[in-house]
Amino acid sequence: MTDSTGSLASPDRLATAREQFLCTEEVDSGSVRKTILASWSRSRTHQVAADHVVTPFVEDPDLETPLLQSASAVLDGLQDKLSDLAVSVILTDDQALVLDRRTEDRPLERYLDRVQLARGFSYAEEFVGTNGIGTALEGRQATAVFGHEHYAENLDTLACAGVPIRHPISGQVLGLLDLTCWRKDAGPLLLALAKATAHDIETEMTNQVGLRELSLFSAYLRACRRGQGIVLAVNNDLVMLNDHARQLLVPEDQAALLARAVEALNTQSDRSLSMDLPSGARARLSYTPVSSDVGPAGGVVRARLLQEPEVVAARADSRQPVLPGIVGTGALWARACHSIGRFARDRKWTVVEGEAGSGKLALSRAAHSAATAGAPCEVVELAGGGEWETRVREALRKGLGSIVFRHLDALPAKQQRALAEVLDEARLDARVWGVATVSEGRQDGLDADLMRHFPTSVSAPPLRHHIEDVRALVPFLLAQLGKGPLLHCSPGALQLLLRNEWPGNVAQLRRVLRTVVHTRRAGVIEPEDLPPECRTVVKRVLNPLESLERDAIVRALLDADGNKSRAAHALGMSRATIYRKIRDYGIDIPS
């Protein structure tokens with residue numbers, strides 16, 4: 001049997017070629033189909049095990065999807081037709097997660113269970129290697145894989161044919177239909193039958209989506225193609241917004257536009273109107289009703305901003321800051337401010353624990369200013385050695401103000417005991433407040449005698465746990481960088497900043513804005529002014545090499561207008577690799 005990519009070699013020749021590839025990666029191109037050889041290379045890149053199958057499991061996959069609802073009747077009919085044959089009918093989502101499996105043959109069913117080809121398991125190529133499900137989804141085309149063409153050796157007794165299932169209007173891949181049988185039973189009709197079944201499911205989806213929704217969706221797509229403006233589509237059951245609307249409009253503005261669009265549903269004529277939005281922006285709306293063969297289908301709204309939203313600073317919470325020089329009113333951040341402010345007033349020595357860049361030093365200094373304005377605040381850096389003991393003794397001798405022991409956990413154990421002795425000897429004056437900053441999770445490992453002097457503690461929350469404070473932090477940090485009155489953030493740029501995980505916390509946000517002000521010194525910060533890291537959602541701090549790689553991929557994707565294949569070609573990497581890197585770095589570039 002063959003597919004569109006070439007002829008199928010004999011089993012013995014394939015087995016030899018596979019073994020040679022695993023040993024040397026050098027294979028006679030005539031012995032293996034090009035699609036299979038490319039998949040083997042991707043499997044090796046993913047470091048897939050060749051001698052066994054280990055795939056992630058989702059205990060409770062979503063089974064209430066339009067794909068499953070449309071496919072159910074089609075699969076029932078096919079199952080009846082194949083009841084006397086050792087063929088398994090499998091449906092997956094677009095990530096190769098198995099949603100449904102129909103198998104009448106008990107030996108085949110037991111074998112598929114053993115190799116984890118069952119509901120809840122993912123047969124993506126990155127986990128299982130070359131197979132009819134993952135490889136078909138990777139190539140976005142119908143693909144058959146036979147015997148030793150499988151990358152994992154315990155799949156070589158099987159043959160499988162996978163066909164992607166696409167949305168009837170958008171063409172987006174929603175899932176995959178796979179037929180799997182014993183390799184010895186595979187015939188020339190396996191892939192043809194899989195294609196016919198996938199087509200039947202797509203036809204059923206068209207019928208179930210309904211003429212009204214299809215008409216509305218088609219009108220929405222036409223409006224999106226006409227330009228880069230804000231586009232919304234609504235009916236009584238459906239709401240659609242394009243990426244431009246999500247980037248330009250804050251949630252309150254989106255809700256206001258949708259409410260006005262719903263009001264317009266009662267009319268069946270074109271309308272144009274202007275409206276003020278909650279952010280302070282003003283928009284011009286153009287509403288067009290959409291009809292179908294069975295009646296009204298809803299309406300499409302195109303909008304453009306006549307007036308930009310107010311400066312981001314105006315959107316910050318109007319409540320007074322808890323501590324001087326501190327912005328942000330998120331619940332966890334406010335709690336930390338209240339706690340350290342109270343401890344400073346009561347002169348209770350305190351440990352401030354938190355991730356790097358989360359604002360531990362800023363909290364300490366602000367609490368000092370609130371409690372003892374005008375008194376000295378001595379910051380003693382304990383990381384990297386240095387003559388800390390002399391500075392601590394001098395500050396304690398003066399008996400006024402506050403001492404910040406920065407990076408207390410960086411002190412070796414011997415020096416921690418030495419600091420404890422210095423504090424014991426000092427007979428601490430109630431007029432002196434001590435506060436120590438410690439990295440997240442390091443407080444329990446500090447010297448017990450030293451910790452006796454710090455009876456209270458405060459957690460500085462990471463920025464991702466009070467992400468709403470980015471709205472206030474952006475103008476605050478721009479002011480610190482000397483660009484406050486001259487430079488402010490557009491809604492689109494702000495949305496990118498709000499979507500970031502900020503593993504480096506406020507320090508990372510400050511560094512990003514410092515980068516921006518080097519190139520834009522006045523006016524409005526737009527999305528394209530932000531560095532590549534703002535296009536990613538990653539939960540850890542990247543090392544320098546990873547940062548360079550991430551930035552290169554983001555720039556290539558932007559240059560290619562989001563086209564991943566073109567970006568991969570420009571970077572000299574495979575399509576599989578760029579997809580994996582995009583996922584690993586959480587890169588989000590609208591295509």
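1. Arg-406 counts as partly exposed, at 29% relative accessibility. Here buried means under 20% relative accessible area, exposed means over 50%, and partly exposed is in between, with a 1.4 Å probe and protein chains only. Glu-381 is also partly exposed, at 28% relative accessibility. The side chains of Glu-381 and Arg-406 meet in a salt bridge at 3.7 Å, N to O. Glu-381 belongs to strand E12 (residues 377–381) and Arg-406 to strand E13 (residues 402–406), so the pair ties together parts that are 25 residues apart in sequence. A salt bridge is taken as a side-chain nitrogen of Lys or Arg within 4 Å of a carboxyl oxygen of Asp or Glu. Helices (H or I, at least four residues) and strands (E, at least two) are DSSP runs numbered from the N terminus.

2. On provenance: this is a predicted model, in which local features need pLDDT of at least 70 and side-chain atom pairs count only at pLDDT 80 or more, while totals for chains, interfaces and linings use all residues. Residues are numbered from 1 along each chain as its sequence is written, and side-chain values use heavy atoms, with hydrogens and water left out.

3. Overall figures. The protein chain has 591 residues, of which 50% count as buried. It contains 21 helices and 17 strands. Its C-alpha trace spans about 90 × 65 × 40 Å along the principal axes. Searching the whole structure gives 24 salt bridges.

4. A second salt bridge to check is that between Glu-138 and Arg-575, whose side chains meet at 4.0 Å, N to O. This pair links distant parts of the chain, with Glu-138 in helix H6 (residues 134–139) and Arg-575 in helix H21 (residues 575–585), 437 residues apart. Glu-138 counts as buried because its relative accessibility is 19%. Arg-575, at 27% relative accessibility, is partly exposed. The N to O value of 4.0 Å can be read against the cut-off in point 1.

5. Arg-102 and Asp-100 also form a salt bridge, and their closest N and O atoms are 2.9 Å apart. Both residues of this pair are buried.

6. Strand pairing around E10. Two strands are said to pair if DSSP finds at least two bridges between them. Strand E9 (residues 282–292) and E10 run antiparallel and are joined by 11 bridges. Strand E6 (residues 230–234) pairs with strand E10 (residues 295–307), again in the antiparallel sense, over 5 bridges. Ala-303 in E10 has Ile-230 opposite it, and Leu-285 also stands opposite Ala-303. Strand E8 (residues 271–276) pairs with E9 in the antiparallel sense over 6 bridges. In that pairing Leu-273 stands opposite Leu-285 in E9. As background, side chains in a regular strand alternate between the two faces of the sheet.

7. Backbone angles to inspect. Trp-502 has a phi near 50°, a positive value in a residue other than glycine. Trp-502 sits in the loop between helix H17 (491–499) and helix H18 (505–519). With 0% relative accessibility, Trp-502 counts as buried. Gln-116 also has a positive phi for a residue other than glycine, near 60°. The loop holding Gln-116 is between helix H4 (106–114) and helix H5 (125–128).

8. A loop contact. Pro-462 is in the loop between strand E15 (456–460) and helix H16 (470–480), and it counts as buried at 9% relative accessibility. Its C-alpha is 5.4 Å from that of Ser-358, although Pro-462 and Ser-358 are 104 residues apart in sequence.

9. Surface charge. Glu-59, Asp-60, Asp-62 and Glu-64 form a negative surface patch. Patches consist of residues with over 30% relative accessible area and no salt bridge; like charges are joined within 9 Å, and nonpolar side chains (Val, Leu, Ile, Met, Phe, Trp, Tyr) within 5 Å. Accessible areas come from the Shrake-Rupley method with a 1.4 Å probe, and for residues only the protein chains shown count as cover. Lys and Arg count as positive and Asp and Glu as negative, with His and the chain ends not counted. The place of a charge is NZ of Lys, CZ of Arg, CG of Asp or CD of Glu. Asp-62 lies in the loop between helix H2 (34–45) and helix H3 (66–81), and with a relative accessible area of 51% it is exposed.
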